[in-house]
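Here is a short tour of the structure shown below, meant to be read with the model open beside you.

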Amino acid sequence: MALHAFGPDDDAPVFVISVAAQLAGMHAQTLRQYDRLGLVTPSRTQGGGRRYSARDVARLREVQRLSQDEGISLAGILRIMTLENQVDALQARVAELTHALREAEIASGRRVFAVGPTGDAMAIRPGERPRHTRSQALVLWDALSR
């Protein structure tokens, strides 16, 4: 979904149940049922009214697609969505740890350089061989050994 200047982001709870139902092509009672089952849980106002975000509407459409086009039960859809959320969380954690590892490698001061056939030095990862060079020479520079 494209965001426009001064427009709400995907997670902003802006749609009342009737508008969300219309956007998703469903009846408002269906949205209430999905909320009770935990398939799509909208934000609540102080008075208890449901407020749906653009992301919620997209999830409603996906629930409808899985149910109608794929013939998956609501319990199955809930399991699929739970597993997708777990995968997303794990992928985010892997990216976070990968970034932390790279930062730690940089902070350690340990770098590996290779010299190409033209004499140009290039930084490479530890254990990696230079690409498209005939030389197998690796030079290890460790700031801590000085």
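Starting at the N terminus, the elements of the chain follow the order α-α-β-β-α-α-β-β-β. That gives four helices and five strands, where helices (H or I, at least four residues) and strands (E, at least two) are DSSP runs numbered from the N terminus. Please keep in mind that this is a predicted model, in which local features need pLDDT of at least 70 and side-chain atom pairs count only at pLDDT 80 or more, while totals for chains, interfaces and linings use all residues. Residues are numbered from 1 along each chain as its sequence is written, and side-chain values use heavy atoms, leaving out hydrogens and water.

The chain has 146 residues, and 21% of them are buried; buried means under 20% relative accessible area, exposed over 50%, and partly exposed in between (1.4 Å probe, protein chains only). The accessible surface of the chain is about 10,500 Å², with 55% of it belonging to carbon and sulfur atoms (Shrake-Rupley method, 1.4 Å probe).

Not counting residues up to four places away in sequence, Asp35 touches Val40, Thr41, Pro42, Arg44 and Arg50, a contact being heavy atoms within 4.5 Å. Ala75 and Leu37 are 38 residues apart along the chain, and their C-alpha atoms are separated by 8.5 Å. Across the chain, 46% of the contacts between residues at least 6 apart in sequence join residues at least 24 apart.
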